[in-house]
Amino acid sequence: MARAIWTGVITFGLVSVPVGLFTATEDHTVHFHQLQRGTSDRIRNRRVNERTGKEVGPDDIVKGYEVSEGEYVVVEPEELDEVAPGRSRTLEITDFVDLDRIEPVYFGRTYYLAPRGKEYLKVYALLRTALAEAGKVGVATFVLRNRQYLTALRAEDEVLLLQTLHWADEVRDPVEELPELPSERVGRGKELDMALRLVDALSGDWEPARYRDTYQEKVRELVRAKAEGEEVAVAEEAPGATNVVDLMEALRGSLEQAQDTGGKRAAGGRKKTTAPARSSRRAGSESSEREELGELSKAELYRRATEQDVAGRSRMSRRQLVDALSGSGSGGTRGRRKKKTTAA
């Protein structure tokens with residue numbers, strides 16, 4: 001059972017609910033110790049005086065702010081405590097805003113908020129439901145470990161999430177900071193149309209379990225292989241940049257590849273497999289029909305599926321709609337259309 005890293009009270013208006021704050025994520029990174037080469041001796045970091053080279057104890061270390069080269073304003077830890085915002089136990093919602101009005105760059109870490117007792121479940125559920133139905137997030141501040149945070153409270157299916165936000169002066173202006181940015185939007189044309197078709201072909205539902213940290217998997221495999229004396233496979237080089245002259249050809253090839261593979265995975269995170277009967281070339285009209293369907297957007301495919309009364313169409317991906325409408329594979333049109341009864 002997780003332990004709360006902060007406890008306090010959410011307030012909105014005159015309503016309050018005691019809550020606990022819990023970390024929502026955990027790190028799966030492979031961690032290494034530092035060793036001296038050729039030995040199993042651990043390397044330790046020590047705080048040393050830059051001038052004398054002697055180690056300094058924690059009680060003799062103070063903070064210094066450099067006001068000019070070599071000149072510092074020294075600040076004691078207790079002085080920082082005196083001006084800190086205090087150990088506030090209140091998470092006061094001051095505003096409700098639309099979630100999509102907060103730019104992604106402002107979001108930091110994510111936490112779970114839970115009620116601190118069964119007697120607070122109703123008020124907690126009331127706030128969660130109100131946020132969900134209004135499509136809003138609550139903007140609030142609170143103090144954690146002597147630091148004040150700007151936060152956004154948002155509703156998920158069963159829980160309230162708290163996401164820390166960067167303060168406005170912490171967010172850099174990309175126009176001022178980045179060396180090169182496009183000055184104009186791309187106009188309508190074949191390249192944009194092809195890019196939109198590629199996006200549509202690769203579109204699907206958000207299924208987080210489909211994605212894996214393959215780098216960490218390779219690091220673990222590297223450690224295992226070295227421990228067992230096996231040869232380590234070297235990763236492929238990254239692809240080169242696409243030349244503007246070859247952009248249309250690259251888009252066309254990408255679209256063909258996406259349509260061939262489906263560009264997405266079926267439920268359960270497994271890539272779609274093609275049945276042997278479908279792997280062979282189809283003759284005549286059926287092949288032509290499938291090619292025609294492959295050119296259509298998901299919205300048009302759904303419209304046709306509605307006209308043909310294809311069952312389960314609202315849950316289908318673009319690839320599944322093509323399969324259903326063309327009658328290919330198990331669960332194609334013949335298997336997916338609802339049976340209609342006729343009067344005797």
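Arg-224 is partly exposed, with a relative accessible area of 30%. Here, "partly exposed" sits between buried (under 20% relative accessible area) and exposed (over 50%), using a 1.4 Å probe and protein chains only. Keep in mind that this is a predicted model, where local features need pLDDT of at least 70 and side-chain atom pairs count only at pLDDT 80 or more, while totals for chains, interfaces and linings use all residues. Residues are numbered from 1 along each chain as its sequence is written, and side-chain values use heavy atoms, with hydrogens and water left out.

So what does Arg-224 pair up with in a salt bridge? Its side chain meets that of Glu-230, at 2.9 Å from N to O. A salt bridge means a side-chain nitrogen of Lys or Arg within 4 Å of a carboxyl oxygen of Asp or Glu. Glu-230 is partly exposed too, at 38%. The story goes on from there: a network of salt bridges links Arg-224 and Glu-230 with Glu-221 and Glu-228.

| Salt bridge | N to O distance |
|---|---|
| Arg-224 and Glu-230 | 2.9 Å |
| Arg-46 and Glu-55 | 3.5 Å |
| Arg-154 and Glu-156 | 3.7 Å |

Now for the surroundings of the other two pairs.
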